[in-house]
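Student: I have a structure open and want to learn how to read it. Where do we begin?
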Amino acid sequence: MRRELRLAGFGGQGIILAGYILGKAAALYDGKEAVFSQSYGPEARGGACAAAVIISDEAIDYPVVTRPDYLVLMSQEAFTIYGPLVNEGGIVIMDRDLVETTTEGERIYRVPFTRLAEELGNRIVANMVMLGALAAATDVVGREAMEESIRTSVRERTVPLNLKAFAAGYDYLAQGEAA
Amino acid sequence: MTGNARVLTGQHFLMGDVACAEGGLAAGCDFFAGYPITPSTEIAERLSRRLPEVGGVFTQMEDEIASMAAIIGASMAGARAMTATSGPGFSLMMENIGLAVMMEAPCVVVDVQRGSPSTGLPTLAGQADVMQAKWGSHGDYEIVAYAPSSPQESFDLVIKAFNTADRYRIPVFVMADEVIGHTAERVTIPPADQIPRVQRKRPRYAPGDESFLPFRAEDEDLVPPMVHAGEGYRVNVDSLTHDEKGYPATFAEPHDRLVRRLAAKIRQNAHQIIEYEELLLDDAQVVVVAYGCTARSARRAVALARQEGIRAGLLRLITLWPFAGQKVWELSSQAAAFVVPELNLGQMITQVERFTSHPVVGVNHAGGAIMPPEPILDAIREVVM
């Protein structure tokens, strides 16, 4: 089964790294096939940016995400651009403080990624909080696979903080705190 | 995130560009000269860090003309040398690519194609350099060009490119594209002792032996043995038409003899060089011929056509040059039509047309994004109607 994911926000939030870690988790530690690609504006920071990940049990031919089954939104601009493109029955997870919307639904999760990261001492790990929430809300990649991928992808001295942030996002949704 | 080993044996999650760099390292590349250009920059970036780690040389040159010249020089000194660029840089390299052909200097050039002509679309994909790879430098010559369709294949084909370059003493091109270059997938890197390595043919004569003619092709493969600078041989290497001794011989007869040999060493060995992948071709009525990122869209289109009961198949070109004309000709005996999707306005299609009398339909886009499967499927439907 082929599942498509899109992570979107602005440059500097670690969206691209998060997408890479997600794809790597599936391809190297979860026995799946995975493709990761990225798109971003000419600006390095502040411009719109998005990561696309496809995870499948079989070889992946066409490597493009068209209508994602899982959509993560970390900015208002990302919501405007990608919000309407989610697949029917798809799951949407958004930063509750950065995306303003009245859209509700049982498949919509609003998680304060950035605020939870700030509570851990550094907003730079908001992307790991987001991956944690994604792992809790979906069965697309196993928790252990994701944690191993984080361990092998970030600087060694930042591994504990990144894993803590991942756990914070995971627990937030796993414990049903989402409104 | 990288070790200090030359061959990073194991499983990795790499974008095509990085896989090209690791393929070079695994192949024993010890010299890279280049000028960064999107979407190939990650190759230079990776090698700028990795080559010094393993005792190799990374040089950033002032431009692509100099980059090409530098890898030719390194090659003549015995190095396994490569560069990486994109269309605008590939254009600048053309003069010296001819020099590499004439001097028979083995080297590898990766072209991560973007939208063109000129600076075109720096960050977006194209496939419009594939004819330039064959004909871009002046004169008659033959080269080999591979087209990877995944990061794994980027790794594998850079290794193969080095071996083909050394085997035939030619520049070899890896014609990647922005989609493959910037897409990450699992890449399996085998143990170092399982990486195939072709050694350059070396002279059977000792330095100083006057009967040694460095540009005489004594063997059936028409490839002369190669001496390296500093080994004690007195060898003249010239861009002018030269005789077997390597000295200028700018007359009609030696010119025809040399140019014919340079072309023949590839043409007569083409059957050993040409590679392709066959998908569902056994009973195919419609054959899609595709390469690089477009082959992935074509794979989907063929699967969708099969679901509709159309007997479609895919001939995925792994070597663009030499072209798999014989295969197209063989497929013509069973297939009724060919579909050739490309991110250009119709380049490799001209080669398909040379080897079949059946209808050949192009599906073309000038570039900027990977081609969706739908227009390819539409073309397949159209030709069976």
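**Reading packed helices, domains and chains**

Tutor: Start with residues that touch. In this predicted model, A:Ile21, A:Lys24, A:Ala25, A:Ala26, A:Leu28 and A:Tyr29 of H1(A) meet A:Ala145, A:Met146, A:Glu148, A:Ser149 and A:Ile150 of H5(A).

Student: Which classes of residue make up the contact of H1(A) with H5(A)?

Tutor: Eight are nonpolar, one is polar and two are charged.

Student: How do I describe two packed helices?

Tutor: Two things describe such a pair: the angle between the axes and the distance between them. Take H1(A) and helix H5 (residues 143–151) of chain A. Their axes come within 8 Å and cross at roughly 115 degrees.

Student: What does that angle make H1(A) and H5(A) to each other?

Tutor: Angles of 65 to 115 degrees count as roughly perpendicular. H1(A) and H5(A) are therefore roughly perpendicular to each other. Their crossing is right-handed.

Student: At what angle do H5(A) and H6(A) pack?

Tutor: The angle is about 150 degrees, and the axes are 10 Å apart. Helix H6 covers residues 159–174 of chain A. Angles over 145 degrees count as roughly antiparallel, so H5(A) is roughly antiparallel to H6(A). The crossing of H5(A) and H6(A) is right-handed.

Student: Which residues of H5(A) and H6(A) meet?

Tutor: From H5(A) come A:Arg143, A:Met146, A:Glu147, A:Ile150 and A:Arg151. From H6(A) come A:Val159, A:Asn162, A:Leu163, A:Phe166 and A:Tyr170. By class, six of these residues are nonpolar, one is polar and three are charged. Look again at A:Met146 and A:Ile150. They are among the H5(A) residues that meet H1(A), and they are also among those that meet H6(A).

Student: Now the two chains. How many residues of chain A are in contact with chain B?

Tutor: Count each side in turn. There are 14 residues on chain A, in contact with 13 of chain B. Then ask which elements supply them. On the chain A side, helix H1 (15–29) and strand E2 (33–40) each supply at least two residues. That side has nine nonpolar, three polar and two charged residues.

Student: What domains does chain B have?

Tutor: The domain assignment gives domain 1 (10–194) and domain 2 (277–384). Their centres, taken over C-alpha atoms, are 26 Å apart. Contacts join them: 22 residues of domain 1 of chain B touch 22 residues of domain 2 of chain B.

Student: Which elements supply the side of domain 1 of chain B that touches domain 2 of chain B?

Tutor: Five elements of chain B each give at least two residues: strand E6 (121–125), helix H5 (130–135), strand E7 (144–146), strand E8 (171–177) and helix H7 (178–181). H5(B) gives the most, with four residues. By class, that side of domain 1 has 16 nonpolar, four polar and two charged residues.

Student: Why should I check pLDDT before reading details?

Tutor: Where pLDDT is low, predicted coordinates should not be read in detail. Chain A averages 92, and 94% of its residues score at least 70. Chain B averages 97, and 99% of its residues score at least 70.

Student: What ipTM and pTM does the predictor give the complex?

Tutor: The ipTM is 0.94 and the pTM is 0.96.

Definitions and conventions. Residues are numbered from 1 along each chain as its sequence is written. Chains are lettered from A and ligands numbered from 1 in the order in which they are written. This is a predicted model: local features need pLDDT of at least 70, side-chain atom pairs count only at pLDDT 80 or more; totals for chains, interfaces and linings use all residues. Domain bounds come from an automatic or database domain assignment. Two residues are in contact if their C-beta atoms, placed from the backbone, lie within 7 Å. Ala, Val, Leu, Ile, Met, Phe, Trp, Tyr, Cys and Pro count as nonpolar, Asp, Glu, Lys and Arg as charged, and the others, Gly among them, as polar. Axes are lines fitted to C-alpha atoms, for helices over the stretch in contact, and angles run from 0 to 180 degrees between N-to-C directions. Angles under 35 degrees count as roughly parallel, over 145 as roughly antiparallel, 65 to 115 as roughly perpendicular and the rest as oblique. A crossing is left-handed if the near helix is turned anticlockwise from the far one by less than a right angle, and right-handed if clockwise. pLDDT is the predictor's confidence in each residue, from 0 to 100.
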